[in-house]
Structures are given as C-alpha cells and as structure tokens.
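Subject: Handover of a structure

Hello,

Here is the structure I promised to pass on. Please open it alongside this email and follow along. My notes come after it.

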Amino acid sequence: MNDRPSTPQPQPRPPSREPAARPGTVRLTVAQALVRFLSRQYTERDGVRHRLVSACWGIFGHGNVAGIGQALLETDSMPFVQGRNEQAMVHAAVAHARHRNRLSAQAVTTSVGPGATNLVTGAALATINRIPVLLLPGDTFAGRPADPVLQQLEVPWAGDVSVNDALRPVSRYFDRVTRPEALVPAALAAARVLSDPAATGAVTLALPQDVQTEAHDWPEEFFRERTWHVRRPAPDPEELDGAVRAVRAARRPLLVAGGGIHHSEAEGALKALADATGIPVASTQAGKGSLRHDHPADLGGIGHTGTAAADDIARTADLVIGVGTRWTDFTTASGTLFARPGVRFLNIGLEAADVHKLGAATVLADARAGLEALTAALTGGGDGGGDGGGDGDGDGGGASGYRVDDAYVAEYTAGKRAWEAVVDAAYAAADEDARPTQAQVVGALQSVVGDEDVVVNAAGSLPGDLHRLWRARSPRQYHVEYGYSCMGYEIPAGIGVGLAAPGTPVWCLVGDGTYLMMPTEIVTAVQEGVGINLVLVQNHGYASIGGLSEAVGAERFGTAYRHRAADGTYTGAPLPVDLGANAASLGMDLIRAGTVRELREALAAARASTRPTCVYVETDPAQSGPGAQAWWDVPVAETATRRAAADARRAYERHRPARRPHL
C-alpha cells in the first residue's frame, strides 16, 4: 500500500495579517475562531498526546460556504477532506475515531437543510457506538432578515426550531450558537464531551449562517493549546472486593468482551486475566479480536450471531463477567442465552447505565484498570477477595491464586475444537471451479489477509458469518459496526480507517443491497489515494432480511432484486445490473471472480495493489454457512391466513417462554 499521511496535508496559505483588535484579543469571525480553537485541542492518555480533531470533512452550500468554508480556506492548521454524501462523511469520521481508540476525532461540516438532516443517521450511529464525531451543520439566520429563508422549516408553534433539532436526540451534546460570544462555552463543552470516554458520541454545534460570518474580539486565552486528559478511573475498593468474591465463588465463569476492551486498549490486560485464571472469553461484535482467535480461552462470538462453543458455555455459566459491553439483544439472545438458574452478572465499564444492566454487581472503572486490578486480586498480587479457593470451589484461603477447574477448561477446549472443525468445513470448497458460497468468500479472504489488515462490515448477512467464522488475529483487524448495523457504512468507513492507519490494507465487505445504498465515497477514496479494497458480493437482494423473512413466515416478500412476474410479485428474472461496472465507473480497478479459485487469486491481486480495487463476486445463494446458535426475538403475526406465518408463530411461541429478566 502507499505510504499516506494519516490525514490529508493542508495546502500552503498566503500570509495574512491579524485584523486589528483590542489588546489581549484577536478579531476573527465565529467560523474562523472555531476552526482555530479546534486546531489547538489535544487529548492525552498514558502520556501520549493526539490531535482532538484531526481533520474536517465537508460539503459546502449556502449555509456554510461563506463561514466555515472561508475559515478552512484561510487556515493551514485544519486539514480538509472533500466528501460526497453527508451521512457517509460521518461514517468515515466515526471509523477513523474508532481505529484511533477514540483518542482523535474528526469534524463534519454541512449546509443547512438537506445537508444537515443527512447527518442524522450518522449521528445516531456514532452515539449508539459511543464514538466521538463533531458535527457542524449550518443553520437558518439567527437575525431572521427574511422569514422563511431557503430550506427553513416553519413550525407554527415555535419560531426557534430548525431542521437541526432533529439532531438533538441522536447527539450526546447539542448547542446552537446564536451569538458570537456563545461560541466559547459551546466549544469548550464540545471538546469536553468528545474527549470523555464515558459520555462521548456525536457532538453537534449548529451554526446559523449569519453568525458564522460575524466578527468578534476573542480573548487570546481561548486559543491556547489545551490537553484534555482521557482518564482511566480505577475500581472502587469496595466494588473490587465484591467482584473478587463473586469470581472466587464461581465454578463456571464466562467473560464477555465488549468494544470497551478495544477503546481502552485493554487487550493485554484481558489476556493476562485469561492466562492466569483460565476463564473463557467470548466476544460481542464490537469486542471481537480482544483475544487472538488461537488463544486457548477464546471461544469466539457470543449470542445470536455467535459460535456454538461460546453459546453452549453461556447457557451453563454461573457468573457472566461483562467488560465494556452494552448487553444488546443479539448478545443476550433476547434474554434467553444465560439460562442457568441463579446465574449472576458482574459488569466492568465506564458507563453507569451499562454496568447496572442485568442486575449485575458493578465495577465502574476503565476496562484496562478494572481488569488489571481484578487479575492482581485474584492471583494474590493485590487486595480484594476474602474466602474462596484456588480450585474455584469457594472453599479455600483468600490469598491463593484463583483458577477454574481443569474439567471446565477441558470442556470449553473441546467445544472450541469442535467449532473450529465447523469453520473449516464452511470455508472448504468441494469444487474450486464452482461459484463460492458467502462463507467461502469469508474463508478465501481469511487465507489472503495479514495480521495487520482491517476487515470492515456493518449490515446484511455478512456480520453473522463474520462473527461466527472470522478468525481475528489482531485487536484492530475486525471492524464490524453492529450497534446500528447501518447499510452504507462500509465504504466510507474503509476510507476513515485508511486515513487513520496509512499503509494498512483495508477490506470493505459489501453486499449488493448495501452497495446500492451508498457507493458514492468510492470517488473520495480515488481522490484521496486511499487504496481500499472493496469485496462486492452479488446475491441479488437482501440476503439477511430475506432469510429472516422466511423464518418469520413473511416468505421473503419484497427482499429479492428481481423483475415483476406476471402476478405482480418480484419473482421474475434477476435484474440485469452490473455493480462491478458501476464501481469501475467511479474510478476503482475491477477484478471479476466467478469461482472459488478465481476469487482467491483476485483477492491476492487486490492486496498487492496500491489502487482502490473492487473484487466483484457472485455467490451461490442456495448455500449458506452455519446458522444461528441462539435465538433472536422478532415477533411473528399472531393471526394469519397463510400457512408459513402460522407455522412461524408456533415456533415463536416455543421460544418465547425461554426469555427471562435478570434482576
């Protein structure tokens, strides 16, 4: 891959003189002041400093071209990246911040109106996944010289509402800067939330277009360099003591690794705990890769999209330790997975709302600090824990090292070995010259990538196959966005990762349904020289929802990409589309693969290229990989005239009683 800067390099600007201002102040427009402020904010954790806002993505219109646009033109301190779709720009910025462990964010500026409302989906994705992104949408005139102006939403009962208010519920912080002096507290609050590991997400500063261009005398102190310390809160001693007691009393503990493991760079601490105690580890979508796939304690993904090895242990676990996880329905199999009577939960994390879920004992702490303290206490290297024995039966002395029984290790090791055989079978092709299945696409990619490669995905049936089948070799290799599972995320996210980690091979796995949602940022990848590899899987429709539709008695209605048949249904011939040609028309190199053998060769060629490259492959939709190992609650019609729905309802009624609240 090409060596590229982590963010686009700013172009030299002609020298300019500061406008006259009162002593101790600098006279700038609001937009100029905001850009200067952002360029001088930093984060710091463990003694390492990062730019808080490393670049600004933008699409310009009348709501920001004369304000933020002019300010970015005038400065050489804030790199600019040109995007094609406002939602996609947010996705790229989010992926960039995720790959940087949330220590560096990016800004996104848009015009007022449709440009601003296009941010909503991306903002929701950022906030749900707890990833920082700064949104700078233009807004209607604060001074109201004409009312309404172009693209202004008129609300009869509220004169101060604009379309940007749609961003309030999906932002962790929202402010509308209606006067120049209001920028100071708003900007400081924005930086605080962006750098807060417990409270971060989308931060929105709505900027009326007239206010952006107003000049003001700003105190010089506003522009000094600030370093926002990203804290690692240590466990409360009493909470840690309770956690140690809970673990020492457990015979069948299971640790569930969430995305907080990666965000806090706690992978080493997790490995140390697993090595010392033998506690098995399963991972959520966001936490996958917390342990290498070949670590003896790694059981792979958990929940509806998880492995049989992880889910079987989860059903009989007596203590479930959640670290940095939100406990979504996919992880808990809609409340049916943790089935052992009397099972208890212990949660470690920074967000109080998360650690109190499932009636858990709580350790409100940074994931790495919490795991390190827990390991030290369990192995006799620190305080915490009273009675409880080294053999895990709760009968021994408090200072001895805790380790699970050998029989338990043998049990989950056998389960892990059995599942690896399932993965091998899913990857194998009886005929190398046949059209591949989707699982074989995953297997072919697995055979080509290196440990440093990053695989990006978000939606469709691929997240399930990846969570169950992918063998993660490094903490950053598995980049699946499943908090919002947003179609269209993958291509812009690949660009964000490529800008965050120059020279890293990045693979965007995209089905045809997702591709059609948002292919436009291919142009950005070509423009910026980000050599992403797009694996475009053609299966003629929504494979994931098609399968779900069949399971719930909806008979795949409206999920295939086909011509209408004589009866008016979408059951005719597949549409004659060529999405590979479309990717090529946007500037990508194109390699077509019709067989398993050709696919493996195409992937190797793509990895060797420095250009944005699309590998286009049509899969066999009649064949699929291993199915779900746990339930997911999708309600089925309680009454219906068609047999498929009636049968599905009976199956639903059989599963539903297994749901249980954990109190």
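Start with pairing: two strands pair if DSSP finds at least two bridges between them. Helices (H or I, at least four residues) and strands (E, at least two) are DSSP runs, numbered from the N terminus. Strand β12 (residues 253-257) and strand β13 (residues 281-283) pair in the parallel sense, over three bridges. Leu255 stands opposite Val281 of β13.

Some ground rules. This is a predicted model, where local features need pLDDT of at least 70 and side-chain atom pairs count only at pLDDT 80 or more, while totals for chains, interfaces and linings use all residues. Residues are numbered from 1 along each chain as its sequence is written, and side-chain values use heavy atoms, with hydrogens and water left out.

How confident is the predictor?

pLDDT is the predictor's confidence in each residue, from 0 to 100. The chain has a mean pLDDT of 92. In 94% of its residues the value reaches 70 or more. Two stretches need care. Residues 1-5 have pLDDT below 50, with 17 contacts in the model beyond near neighbours in sequence. Contact means heavy atoms within 4.5 Å. Residues 383-399 are also below 50, and this stretch has 46 contacts beyond near neighbours in sequence.

The sheet with β12 and β13

Strands of a sheet pair through backbone hydrogen bonds, either parallel or antiparallel. Here six strands form an open sheet, in the order β14-β13-β12-β15-β16-β17, and the pairing is parallel. β14 (298-301) and β17 (361-364) are the edge strands, each pairing on one side only. From one strand to the next, the twist averages 20 degrees. Angles run from 0 to 180 degrees between N-to-C directions, and axes are lines fitted to C-alpha atoms, for helices over the stretch in contact. Helix α11 (residues 308-316) lies across β12, β13 and β14. It runs at about 105 degrees to β14.

The sheet with β7 and β9

This open sheet has six strands in the order β5-β4-β6-β7-β9-β8, with parallel pairing. Its edge strands are β5 (80-82) and β8 (173-176). The twist averages 20 degrees from one strand to the next. Strand β7 (residues 133-139) pairs with strand β9 (residues 202-208) over five bridges, in the parallel sense. Leu134 has Val203 in β9 as its bridge partner. Helix α6 (residues 183-194) packs on the sheet and touches β4 (53-58), β7, β8 and β9. Its direction makes about 160 degrees with that of β9.

Helix pairs

Two packed helices are described by the angle between their axes and the distance between the axes.

Take α1 (residues 30-38) and α2 (residues 65-74). Their axes come within 8 Å and cross at roughly 50 degrees. That makes α1 oblique to α2. (Angles under 35 degrees count as roughly parallel, over 145 as roughly antiparallel, 65 to 115 as roughly perpendicular and the rest as oblique.) Ala31, Gln32, Leu34 and Val35 of α1 meet residues of α2, including Gly67 and Ile68.

Now α3 (residues 86-99) and α5 (residues 119-128). They pack at about 20 degrees, with axes 7 Å apart. That makes α3 roughly parallel to α5. Among the contact residues are Val90 and Val94 of α3 and Leu125 of α5.

Best wishes
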